[in-house]
Amino acid sequence: MATLKVPAHVPAPSEDAEQLRKAFEGWGTNEQLIIDILAHRNAAQRNLIRKTYREAYGEDLLKSLDEELSSDFERAVVLFTLDPAERDAFLAHEATKRFTSSHWVLMEIACTRSSHELFDVRKAYHDLYKKSLEEDVAHHTKGDYRKLLVPLVSAFRYQGEEVNMTLARSEAKILREKISDKQYSDEEVIRIVTTRSRAQLNATLNHYNTAFGNAINKDLKADPEDEFLKLLRAAIKCLTVSEKYFEKVLRQAINKLGTDEWALTRVVATQAEVDMVRIKEEYQRRNSVTLEKAIAGDTSGDYEKMLLALIGAGDV
């Protein structure tokens, strides 16, 4: 469920490309025109604009945006303009670099994208960086993090609704035994979390809750400061109730002393065409304030306008 507002009549890609070129020319950049076009085109339309722009002007639109824009506004526009698989590959690559490394971003991409989307991310990563995502994740992580993240980014889960209840009961019992013994990174725990379909995992976790009287994530809070356990809990949340995971990322990004613009931009840019309706509903339910109001109160200028346009606020 997306909130991206695409006009009923969308101009031809050549017209959009020409308008964007005009936005870059003359004294100062016309930021509002860039927002009016790029924040209101879907992925297929943006790809066509990029293709047409390159053919007409001999330059990648992303390079022009990079040269003309700056700071958080630039990152929001460039991230959103990217093809979704290319964008995720870029974010994953960034997450394996020393100064921008993030186990969380890798987990988020692996656990909230469909099997086909994640497969496309791996292909885009190959093409962009001449390496596999799996090898980079394996190289830049270690210990329990590597045990969890490599199979997560390598997964191709069954996407259907078929569920084996006998399996759900037996695997709920396995999870309970391992967690009771504090064997959180046991290969069986990792196997279940990284290979089972979302439907199967939900059935297993529902049985866990019913049979043992606690939600699994409550039992995984034995040590609240354990960073691996935090990541494992987040992975389970992403796989079962992703809107709650994204709501929490947004809440923490906005409520932080000094907004975490990278997290805010990442979630808005990656989810605007996917699940923003449910994320916005969850945000309002949890915080008694709309996401629009929270973003408007915490950001400013063209960056604020771009984010609000992407989450479908009013007639921005």
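This is a predicted model: local features need pLDDT of at least 70, side-chain atom pairs count only at pLDDT 80 or more; totals for chains, interfaces and linings use all residues.
Trainee: Which radius of gyration does the chain have, and what would a compact globule have?

Mentor: The C-alpha atoms fill a box of roughly 65 × 45 × 40 Å along the principal axes. For 316 residues, a compact globule would have a radius of gyration near 20 Å. The chain agrees with that, at 21 Å.

Trainee: What share of the contacts with a separation of 6 or more comes from residues 24 or more positions apart?

Mentor: Contact here means heavy atoms within 4.5 Å. Among contacts in the chain with a separation of 6 or more, the share from residues 24 or more positions apart is 68%.

Trainee: How far apart are the mean positions of the positive and negative charges?

Mentor: The chain has 46 positive and 52 negative charges.

Trainee: Is Arg113 buried or exposed?

Mentor: Arg113 is found in the loop between α7 (103–112) and α8 (115–129). Leaving out residues up to four places away in sequence, Arg113 touches Asp88, Glu108, Leu118, Arg198, Phe246, Thr270 and Gln271. The cut-off for buried is under 20% relative accessible area. Arg113 has 6%, so the residue counts as buried.

Trainee: Which geometry does the pair of Tyr145 and Phe228 have?

Mentor: The structure holds 7 aromatic pairs. In one of them, the ring centres of Tyr145 and Phe228 are 5.9 Å apart and the planes stand at 80°. Planes over 60 degrees apart count as edge-to-face. The pair of Tyr145 and Phe228 is therefore edge-to-face.

Trainee: Where in the chain do Tyr145 and Phe228 lie, and how many residues apart are they?

Mentor: Tyr145 belongs to helix α10 (residues 143–154), while Phe228 belongs to helix α15 (residues 227–240). The pair thus links distant parts of the chain, with a separation of 83 residues.

Trainee: Which of Tyr145 and Phe228 is buried?

Mentor: Tyr145 has a relative accessible area of 22% and is partly exposed. The cut-off for buried is under 20%. At 6% relative accessibility, the buried residue is Phe228.

Trainee: Which residues do ring pairs link into a cluster?

Mentor: Two rings pair if their centres lie within 6.5 Å. Pairs of this kind join three residues into a cluster: Phe24, Tyr53 and Tyr57.

Definitions and conventions:
Residues are numbered from 1 along each chain as its sequence is written. Side-chain values use heavy atoms; hydrogens and water are left out. Helices (H or I, at least four residues) and strands (E, at least two) are DSSP runs, numbered from the N terminus. Buried means under 20% relative accessible area, exposed over 50%, partly exposed in between (1.4 Å probe, protein chains only). The radius of gyration is taken over C-alpha atoms; the globule rule is 2.2 Å times the number of residues to the power 0.38. Lys and Arg count as positive and Asp and Glu as negative; His and the chain ends are not counted. The place of a charge is taken as NZ of Lys, CZ of Arg, CG of Asp or CD of Glu. Rings of Phe, Tyr and Trp (its six-membered ring) pair if their centres lie within 6.5 Å; planes under 30 degrees apart count as stacked, over 60 as edge-to-face and the rest as tilted.
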